[in-house]
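Q: Please guide me through the reading of this structure, one feature at a time.

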Amino acid sequence: IKLGKFIKIRRKFLVKLGNGEKLYTVVKDFQDIDMPLKIAYKFSQLLNASEDNYQFFIEKMRQILNKYAIKDENGQIVNNEGTIPIQPEFLERAEQEIKELHNIEVDMPKVRFTFEELESVRFKPSALRTLIDFIEQ
């Protein structure tokens, strides 16, 4: 009996949508850097998978803000230097919806890098922290 018939090998794993949004931002920064083919392929897999999740995240966040953000006299969302104020009476509800959005689990390809593969790539600690789940230790 071959176990492969009975055991489904998981080629993907779950990440929280909020982390997937960060992943897209980090991986996108690497898309124009010259690197060995194998590493570039893995980064491309992550970029492709995270792009749809990122677009979904942005759209849902836009919907939440449209519902709860303070708007000016023209109906436009007020933006105070990157901070979007929420109507005080809806603050708890908005925070809950944003938290739920961040916690949605999405499938990501089971891409793994080794430290040896990544030796030639320069990282900021913040980027490394985002990619840590994709690195074999």
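Helix packing

A: The axes of helix H2 (residues 37-68) and helix H3 (residues 91-103) come within 10 Å of each other and cross at roughly 175°. Axes are lines fitted to C-alpha atoms, for helices over the stretch in contact, with angles from 0 to 180 degrees between N-to-C directions. H2 is therefore roughly antiparallel to H3 (a term for angles over 145 degrees). This is a predicted model: local features need pLDDT of at least 70, side-chain atom pairs count only at pLDDT 80 or more, and totals for chains, interfaces and linings use all residues. Residues are numbered from 1 along each chain as its sequence is written, and side-chain values use heavy atoms, with hydrogens and water left out.

Q: Which residues in H2 and H3 meet?

A: Contact means heavy atoms within 4.5 Å. From H2, Phe56, Phe57, Lys60, Met61, Ile64, Lys67 and Tyr68 meet Arg93, Ala94, Glu97, Ile98, Leu101 and His102 of H3. The residues of this contact comprise 8 nonpolar, 1 polar and 4 charged.

Q: What does Tyr54 touch, not counting residues up to four places away in sequence?

A: Tyr54, placed in helix H2, touches Glu21, Tyr24 and Thr25 on that count. Its C-alpha atom is separated by 22 Å from that of Arg93, 39 residues apart along the chain.

Q: How many aromatic pairs does a search of the whole structure find?

A: Rings of Phe, Tyr and Trp (its six-membered ring) pair if their centres lie within 6.5 Å; planes under 30 degrees apart count as stacked, over 60 as edge-to-face and the rest as tilted. The search finds 5 aromatic pairs. One of them is tilted, because the rings of Phe43 and Phe113 have centres 4.9 Å apart and planes at 40°. This pair links distant parts of the chain, with Phe43 in helix H2 and Phe113 in strand E3 (residues 113-114), 70 residues apart.

Q: Which residues line the largest pocket?

A: On a 1 Å grid over the protein atoms alone, a pocket is an open set of points where a 1.4 Å probe fits, with protein on both sides within 12 Å along at least five of seven lines; lining residues have an atom within 4 Å of a point. Here the lining consists of Val26, Asp29, Phe30, Arg122, Phe123, Lys124, Ser126, Ala127 and Thr130. H5 gives the largest share, 3 residues.

Definitions and conventions
Helices (H or I, at least four residues) and strands (E, at least two) are DSSP runs, numbered from the N terminus. Angles under 35 degrees count as roughly parallel, over 145 as roughly antiparallel, 65 to 115 as roughly perpendicular and the rest as oblique. Ala, Val, Leu, Ile, Met, Phe, Trp, Tyr, Cys and Pro count as nonpolar, Asp, Glu, Lys and Arg as charged, and the others, Gly among them, as polar.
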